[in-house]
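Q: I have a model open and would like to learn how to read it. Could you walk me through a few features?

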Amino acid sequence: MKCFLPQLDLKAKVCTLLGRTFAALWFVLICLSGGVWMALAETGPLDRAIATRASTSHWAFLPPRDPLRVSKSSGSAVAAANSIDGLVGDQLDRLQIKPVGLANKAALLRRVTYDLTGLPPTPAELKAFLVDNSGGAYEKTVDRLLASSAFGERWAQHWLDLAHYADSNGFELDADRPHAWLYRDWVVKAINEDMPYDRFLTLQIAGDEVEPGNQEAMIASGFARSGPFEIVSGNIDLEVRRNDELIAATSTVGSVFLGLTMGCARCHDHKFDPIPTADYYRLQAFFAGARHIETPIHSPEERVRFDFEKKRIEALLKPLETAKAKLEKPYRTRLQQAKEATLTGRERAIRALPREQRTPAEARLFEGISVALNVTWEEIAEEIAHHPNDHSVRESLKRQLYELGLKMPHPPAQAMSMMESEKTLPETWILRRGDTKQKRAVVSPAPPSVLLSTMGEASFNATFSAVDAKHSGRRLALARWLVSGQNPLTSRVIVNRLWQHHFGRGLVATPSDFGTKGSSPSNPQLLDWLACELIRHEWKLKSIHRLIVTSKTYQRASGEISRSGEKRDPENQFLWKMTARRMEAEGLRDSTLAVAGILNPKRGGPGVRLPLEPEVRDLIFTEAEVVDLWPVDPDLKEQARRSIYVHRKRNVHYPLFDAFDAPDMLTSCSQRPVSTHAPQALVMLNSGFAQQTAATFARSLLDHSPEVKARIHEAYLRCYSRLPTAKELRWTLEFLRTNPRTDLDRWTDLTLALINSNEFIYVP
Amino acid sequence: MSLFMFPKPPVKPRFPVTESRALPGGSRRQFLESLGLGFGSVALTQLLASEPSTKPIVAPHLGHLGPSNPHFPARAKRCIFLFMVGGPSQMDLFDPKPELNKLDGKHLPASYGNVNSQFLETDPLCLGSTRRWGRYGQCGMDMSDLIPQMHQHADTIALVRSCAVDSVIHAPAHYQMNSGRVLMGFPSLGSWVTYGLGSESQNLPAFVVMAQPQGTPEGGVPCWGSGFLPASHQGTLFRPGSSPIVNLASADPQFDRTRQRRILDYVGTLNRRHLGAGNSELEARIKSYELAFRMQSEAPEAVDLTRETAETRALYGVDNPRTAEFGTRCLITRRLIERGVRFVQLYSGGGPVAWQWDAHDDVNANHERMAGATDRPVAGLLTDLKRRGLLDETLVIWGGEFGRTPVSQKGSRGRDHNATGFSMWFAGGGIKPGTVYGSTDEIGLHAVENRAHINDIHATILHLMGMDHLKLTHSHEGRDERITNVAGSVMQNLVA
């Protein structure tokens with residue numbers, strides 16, 4: 001033991017030295033070969049063979065090798081009941097790190113319940129688990145959690161982070177996407193049904209090709225267009241816009257499914273990975289025919305009902321609009337006259353000219369002068385504000401119009417698809433520096449050349465068979481290549497994502513970058529074994545979840561310390577213990593509602609707008625005169641839905657989500673940061689959500705029992721999955737006794753304190 | 001040691017064991033960050049990361065508890081960005097064009113090239129400026145009658161007449177003026193600056209944004225987003241009044257300070273029991289609650305203008321209904337700067353078109369209103385910063401996301417968006433005062449001399465604040481990102 005450390009240091013130094021030398025050589029190689037690729041990309045012909053000359057020995061580009069089948073030397077790996085533990089244990093043995101013991105049952109239940117469902121266990125679930133001393137009690141619980149709909153509701157959020165899903169377009173108008181939720185619901189359902197990952201992937205890349213006409217497939221195909229998209233009027237360069245669509249699809253598919261930062265290669269050969277610019281455009285070429293298409297997926301009856309209801313509301317709106325216009329008319333006239341009085345002599349002369357006598361320039365100026373004479377709503381509103389009677393009538397009309405408008409029916413469902421609809425496919429050009437004006441050479445669809453080289457050219461069938469007259473089969477070919485089983489990245493990338501969300505960090509710590517600049521796997525054998533296991537389980541992700549959470553590695557205590565672990569692996573990369581984790585924003589909100597007893601388990605449907613702090617609501621951008629841009633559902637039960645069902649706008653962020661590191665949904669997010677700062681305390685102490693939920697929690701405790709101690713026990717069980725210690729009970733009684741306020745206030749203070757405590761916010 | 005893993009290993013741990021030993025302080029870093037109130041006190045993370053190195057980027061910080069050191073001596077310690085949303089017209093404010101007036105009402109001569117704009121027709125008509133012009137200060141800087149109070153500051157500011165961005169659409173141009181890119185999701189200038197320099201204030205955010213009360217600019221919240229930098233570097237919205245920050249005041253007034261103190265004490269008791277030995281992340285959380293508690297009394301003080309003299313309030317136009325709103329925000333800005341806030345961004349314009357510099361229909365009517373609301377407050381801010389000795393170390397920036405076209409939009413009295421040549425000005429913080437940098441062609445359409453692309457402008461701002469734009473980087477999805485993307489050079493002639 002004593003000689004271990006110096007030895008490790010020496011080894012480390014040698015490794016570092018070698019690493020740096022290697023990095024330097026690598027850099028030179030890339031620079032040299034980059035020049036060749038660029039020259040090729042610019043002049044064509046595009047010979048794939050040359051592009052793959054760069055290192056094909058990077059671990060992630062080679063097929064995963066099942067360590068248990070390859071070598072028989074790793075003794076404990078074979079012996080252990082769950083191979084995860086064997087592979088982790090082997091590594092810990094090698095590093096001479098002693099793992100800590102297992103977590104206690106209560107902590108374990110809290111961990112696995114939050115992890116799989118995003119919610120805390122109820123006191124009843126806790127009691128049932130604690131009294132069940134049968135051998136398979138934990139495994140039974142895991143199966144129950146995996147089968148619950150809450151499982152999909154939690155894990156879908158991880159996927160939506162990658163898709164950077166939101167319910168609005170972003171950019172200037174940030175218009176709502178009234179049908180986006182269909183995709184969100186599809187993800188939840190697919191995860192709950194344990195849809196095999198190969199199918200899950202195929203439907204999202206080529207849903208329209210694999211199952212033409214299938215509504216769910218059309219919804220799923222919207223994956224690559226879940227991110228922001230600019231829609232504005234005016235002189236828009238359609239080619240640039242189309243290119244932006246394709247960039248979004250290509251980069252997202254590259255980073256999410258392949259774990260490669262393809263986007264970098266759009267403007268120049270990738271600096272670090274063997275991905276020449278041509279490879280980026282070859283990948284983009286798969287999507288050349290796929291367009292944003294809204295496909296109606298409602299019945300004719302639904303359409304008729306919608307039209308009827310819409311007309312009915314419009315008929316009710318009409319008289320109110322007329323009344324408003326009538327009220328405004330004298331003001332409008334007066335304002336118009338005032339504007340006319342400011343016309344210059346020259347402008348008057350142009351206005352006086354009969355139409356046929358105007359030169360083209362004068363005709364234009366005539367139109368322009370009319371624009372300047374337009375009276376805007378802002379001017380009318382300002383003018384009427386000086387006349388209290390008319391002002392209040394106008395305000396009331398506006399309010400009535402607004403309230404009627406809220407009754408407009410939700411438009412009948414449409415799938416936001418990404419699909420082909422035309423026979424002929426546009427050509428894909430390599431663009432110099434990504435500029436649509438600088439076309440260089442035409443490319444045809446092909447996967448990244450380095451992978452073709454490691455997998456063999458035969459792994460990809462370059463002659464597509466058209467699915468039908470409108471579907472070239474290009475994206476289907478890409479999907480089939482991705483899930484062919486020989487692909488070294490697809491399975492590794494997804495099992496690593498699962499691992500990441502179970503342990504807080506992936507075996508590869510850069511989950512969307514498996515390239516040469518990404519992290520090396522902390523346990524390569526384990527990663528490969530899981531990847532092979534996924535394929536053996538026919539791509540069923542739940543079986544991987546089950547393997548992970550039933551492993552001893554997952555069940556280790558988080559609060560215990562092993563000296564050797566602390567010394568040799570203070571960051572716990574090698575998993576000698578579990579690492580406690582702060583809840584994510586959505587988990588925190590859902591858990592708070594759950595312990596208060598008001599979480600509404602209703603599933604699916606259009607997103608719910610939560611009440612928004614006035615500071616944020618008042619600033620929502622609009623150029624129109626709008627009564628309220630954030631109509632909240634008055635039904636409090638709707639406001640207590642799970643966070644996955646909350647309406648998420650790209651340009652309007654909920655302070656609670658913002659403070660707790662929810663992603664901004666502007667780019668694909670593979671790993672959320674965990675920050676600690678004062679605005680978190682402000683939102684959890686001062687927001688209407690925290691205070692009202694705490695009060696509801698308090699009321700449910702008062703109803704729970706007349707006994708003070710029983711209430712305290714219940715509160716601790718709900719928040720911490722344990723009873724208070726004698727000391728804590730004493731403090732709590734004292735805290736309640738010395739509080740001069742009403743009973744409800746006293747208990748609200750307690751519940752507010754509990755939901756702000758570290759033990760609630762951190763999962764053991 | 002730490003019980004918590006660092007959430008986002010920023011570089012590739014090529015050799016896991018060494019790497020983890022070299023990165024002892026993921027959570028320590030977070031702890032440090034939280035000491036600065038989480039508004040970004042950890043900085044210059046990437047001094048050593050400009051090449052793909054295996055060196056941990058966190059290491060350089062471990063010695064710092066306070067604000068980090070810049071790359072080289074900074075001329076400006078703080079920055080105020082006065083953002084004129086919608087695009088002010090250079091031809092009517094800072095860049096007189098007699099030639100354009102001669103062409104008024106005529107078709108744009110082909111010799112000036114194409115006009116790329118959002119709504120323009122293909123053969124637009126020229127629109128002269130009807131403003132009265134003068135030359136002011138010892139330097140004789142041109143300014144129009146729209147900004148009479150700024151005339152006295154001609155020798156204070158450096159005017160750049162050759163600015164350029166890549167989009168003529170508001171939102172992408174907002175994003176680019178703030179983040180260097182026309183896309184959503186990249187860190188804004190304020191985020192980069194606080195990421196690089198940290199916070200000087202223990203009780204206030206390092207990066208404050210004050211929007212027009214009528215609404216945000218078109219680009220919305222992402223204009224001051226932190227992109228892939230830690231969320232603690234995003235801009236914090238401030239507003240005048242007793243509760244300047246969201247959730248600073250209790251939603252339910254029943255939760256008074258005594259009651260909150262009791263709750264916090266109980267939380268503290270629970271937390272201390274739960275705390276693992278030496279767990280810095282959990283310690284940081286405890287501290288963040290105490291800071292939040294302090295902030296509730298100290299942040300309202302920062303925006304309390306009753307402590308200012310009548311003379312000062314008048315200087316900013318707080319006593320005049322026309323200028324009161326923007327004047328109030330300018331005066332709060334000075335108070336925030338005095339209290340160590342690193343970056344303040346003030347938006348003039350947002351929400352309805354009537355409240356933006358977006359003069360499509362009638363440039364005079366629009367600019368008389370917008371300049372009328374901001375001229376005195378802006379000039380007052382410069383005067384006040386100067387007389388208090390704050391201007392030397394404070395960089396003040398004025399400008400919109402683009403300028404306006406010398407041609408009219410469809411024959412109207414208004415101008416469309418122009419991204420290829422427009423004016424911005426800079427003051428204080430190491431800027432060469434009384435300078436005019438760059439120029440546009442004879443009608444103000446394209447920059448023709450010393451073109452100042454937004455990448456160059458950002459490079460210069462960072463330079464003045466002591467940072468090399470090539471070195472202020474952050475690794476994201478396999479790429480070392482910086483605000484200037486793949487371009488940008490410092491405009492040395494602007495630097496004193």
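Q: What should I know before I start?

A: This is a predicted model; local features need pLDDT of at least 70, side-chain atom pairs count only at pLDDT 80 or more, and totals for chains, interfaces and linings use all residues. Residues are numbered from 1 along each chain as its sequence is written, while chains are lettered from A and ligands numbered from 1 in the order in which they are written.

Q: What is the mean pLDDT of chain B?

A: pLDDT is the predictor's confidence in each residue, from 0 to 100. For chain B the mean is 85, with 85% of residues at 70 or more. Watch residues 1–67 of chain B, though: pLDDT stays under 50 there. The model still has 190 contacts beyond four places in sequence for that stretch, where a contact means two C-beta atoms, placed from the backbone, within 7 Å. As for the overall scores, ipTM is 0.85 and pTM is 0.87.

Q: How many helices and strands are in chain B?

A: Helices (H or I, at least four residues) and strands (E, at least two) are DSSP runs, numbered from the N terminus. Chain B has 11 helices and 17 strands.

Q: How many residues of chain B are in contact with chain A?

A: An interface can be read as a residue count plus the elements that supply it. Here 97 residues of chain B are in contact with 91 residues of chain A. Helix 6 of chain B gives the most to the chain B side, with 10 residues. By class, that side has 47 nonpolar residues (Ala, Val, Leu, Ile, Met, Phe, Trp, Tyr, Cys and Pro), 17 charged ones (Asp, Glu, Lys and Arg) and 33 polar ones (the others, Gly among them).

Q: Which residues have the most contacts inside the largest nonpolar core?

A: In soluble globular proteins, nonpolar side chains tend to be buried together. A residue is buried if 20 or more other C-beta atoms lie within 10 Å of its own, exposed if 12 or fewer, and partly exposed in between, with C-beta atoms placed from the backbone. A nonpolar core is a set of buried Ala, Val, Leu, Ile, Met, Phe, Trp, Tyr and Cys residues joined through C-beta atoms within 7 Å. The largest one has 296 residues, and B:Cys79, B:Leu82, B:Leu395, B:Ile397, B:Phe426 and B:Met465 have the most contacts inside it. Helix 10 (residues 363–387) of chain B gives the most to this core, with 9 residues. Beyond four places in sequence, the contacts of B:Met465 include B:Cys79, B:Val193 and B:Leu395.

Q: Why is helix 27 of chain A largely enclosed by the rest of the structure?

A: Apply the burial count along the element: 11 of the 11 residues of helix 27 (residues 585–595) of chain A are buried, so this helix is largely enclosed. Just after it, A:Gly597 takes a positive phi of about 85°.

Q: In what sense do strand 9 and strand 10 of chain B pair, parallel or antiparallel?

A: Two strands pair if DSSP finds at least two bridges between them. Strand 9 of chain B and strand 10 (residues 415–418) of chain B pair in the antiparallel sense over 3 bridges. B:Gly403 stands opposite B:Asn418. The two strands form a hairpin with 6 residues between them, and B:Lys410 in the turn has a positive phi of about 50°.
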